[in-house]
Amino acid sequence: MQQCYGSIIRRQRHFIRCLGGDRCNNSSSDTLLLLNDNTRMQSVMSRSNPAIEADALSILRSISPTLDSTKHKGQAGKIAVVGGCREYTGAPYFSAISALKIGADLSHVICTKDAAPVIKSYSPELIVHPLLEESYSVRDEDRQSVATVVLAEVDKWMERFDCLVIGPGLGRDPFLLDCVSDIMKHARRSNVPMVIDGDGLFLVTNRLDLVSGYPLAVLTPNVNEYKRLVQKVLNCEVNDQDGPEQLLSLASSIGGVTILRKGQSDNISDGKEVRSVSIFGSPRRCGGQGDILSGSVAVFLAWARKLVDKEGHTLNPTMLGCIAGSALMRKAASLAFEDKKRSTLTTDIIECLGRSLEDICPVG
Ligand SMILES: NC(=O)C1=CN([C@@H]2O[C@H](COP(=O)(O)OP(=O)(O)OC[C@H]3O[C@@H](n4cnc5c(N)ncnc54)[C@H](O)[C@@H]3O)[C@@H](O)[C@H]2O)[C@@H](O)CC1
Ligand SMILES: Nc1ncnc2c1ncn2[C@@H]1O[C@H](COP(=O)(O)OP(=O)(O)OP(=O)(O)O)[C@@H](O)[C@H]1O
Ligand SMILES: [Mg+2]
């Protein structure tokens, strides 16, 4: 193990030299620190996270489309968030509005009938479909017919979506989750990429067949969601000593889906490679930041799919989408925190998405 870390540390040192950063070796924590051009200290590697740091800013720049007058509405992406129920209306809003603020042309929300008027009232920019139903509003004998209607309505739109986000604020009602399982099967048949988060991960952890072997599926677990996935799929506990190896093995065991494990560093694997994004970030842990991330990954994944052949990237578009989405979310969180400190909220971070993107990838 010691030898293995030695070689990883040598590789990381080489990588840091390639980045042109100043290096200092903090022997007490055994962590390499990089001073970037803003003199922001970034912990790029530690023994608990020996994954290769992605060149996230270059990736973000290379997959963001140019803005020019020849383009028509829709070319920069049409995203749909499947989520929003009686309890949660904030999460799908955060995800869908983030997609728009980053540059998607259209952002839909497919939610329960009760949640729709609330989500519509947050923003006129979102296209809100009051389609889903929870058990309490459907009689047992009507379930089959209601499920058929839900699926038919979503199917009318399916081919128009460049990416679905499944799960922010979806809730865990069994009837609703059955309908969402059907939506996921249809999305898969139509080759529509899916970012799965929040209660979508609760669903998928119990129904791995929904994503297993689908290379356009991205799972974005937080600490709890990751723990449940590891227990279910690998039949063991999370092992942070071998974090990247375990992540790689998890992604490969689910048939090559891409997993973005959120945390102090975001670690990303498609079962073949592991990359980490450690730049920027904020110490504020208010709820809703994962929802911003899901909308952000959906947009960058849609863009990466369109550009990946032209740019000659070696990483697949799901990895690129995760890396870019993570970097942007963390940059926006750091800007919001600079301004709002302890009172930083998710809405403040959303307001910083545009400036963050402009700092990294100016319009021209
Ligand atoms: N403003 C909002 O509307 C927000 C909504 N969120 C949504 O909240 C939901 C839960 O996400 P968390 O990150 O809190 O998930 P976690 O898995 O971290 O859940 C938190 C705790 O609540 C329990 N729990 C939640 N719902 C349960 C249920 N129906 N039955 C039994 N136990 C339940 C979990 O087991 C866990 O102990 C997701 O749909 C998520 O998208 C979050 O994204 C935060 C912001
Ligand atoms: N300790 C940390 N330091 C820096 N950034 C972090 C830390 N933990 C999480 N993040 C960042 O915050 C974002 C959201 O991660 P988090 O774990 O809060 O998701 P979540 O629990 O699903 O959020 P939500 O409340 O939206 O459900 C990720 O992009 C991640 O990079
Ligand atoms: Mg979450």
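Biologist: Where does R228 lie in this predicted model?

Modeller: R228 is part of helix α8.

Biologist: What makes R228 partly exposed?

Modeller: R228 has 15 other C-beta atoms within 10 Å. Buried requires 20 or more, and exposed 12 or fewer. The count of 15 lies in between, so R228 is partly exposed.

Biologist: How far apart are R228 and S294?

Modeller: In sequence, R228 and S294 are 66 residues apart. In space the separation is 19 Å, C-alpha to C-alpha.

Biologist: How do you know that the span of α3 agrees with its number of residues?

Modeller: α3 has 13 residues, and at 1.5 Å a residue these should span 18 Å. The end C-alpha atoms of α3 are 18 Å apart, so the two values agree.

Biologist: Why is α3 called largely enclosed by the rest of the structure?

Modeller: Because twelve of its 13 residues are buried. Among them are Y93, F94, I97, L100 and K101. In the protein chain as a whole, buried residues make up 49% of the 364 residues.

Biologist: What follows α3?

Modeller: G103 follows α3, with a positive phi near 140 degrees.

Biologist: Which residues are closest to ligand 2, and what are the classes in its shell?

Modeller: The closest are N222, G281, G287, Q289 and G290, out of 17 residues that surround ligand 2. The shell divides into two nonpolar, ten polar and five charged residues. α10 (289-311) and α11 (317-340) each supply at least two residues. The largest share, four residues, comes from α10.

Biologist: Why is α2 called roughly perpendicular to α11?

Modeller: The axes of α2 (residues 56-63) and α11 cross at roughly 110 degrees and come within 9 Å. Roughly perpendicular covers 65 to 115 degrees, so the pair of α2 and α11 falls in that class.

Biologist: Which residues make the contact between α2 and α11?

Modeller: From α2 they are A56, L57, I59, L60 and I63. From α11 they are L320, I323, A324, A327 and L328. By class, the contact has ten nonpolar, no polar and no charged residues.

Biologist: What is the phi of F280, and where is F280 found?

Modeller: Phi of F280 is positive, about 55 degrees, although F280 is not a glycine. Most residues other than glycine have a negative phi. F280 is found in the loop between β13 (274-277) and α10.

Biologist: Is F280 buried or exposed?

Modeller: F280 has 24 other C-beta atoms within 10 Å. The cut-off for buried is 20 or more, so F280 is buried.

Biologist: What is the phi of K341, and where is K341 found?

Modeller: K341, a residue other than glycine, has a positive phi near 45 degrees. K341 is found in the loop between α11 and α12 (346-351).

Biologist: How do you know that K341 is exposed?

Modeller: There are 11 other C-beta atoms within 10 Å of K341. Exposed means 12 or fewer, so K341 is exposed.

Notes. Residues numbered from 1 in each chain as written. Chains lettered and ligands numbered in written order. Predicted model: local features only at pLDDT ≥ 70, side-chain atom pairs only at ≥ 80, totals over all residues. Near = placed C-beta within 6 Å. Nonpolar A, V, L, I, M, F, W, Y, C, P; charged D, E, K, R; others polar. Axes fitted to C-alpha atoms, helices over the stretch in contact; angles between N-to-C directions. Parallel < 35°, antiparallel > 145°, perpendicular 65-115°, else oblique. Contact = placed C-beta atoms within 7 Å. Expected span 1.5 Å × (residues − 1).
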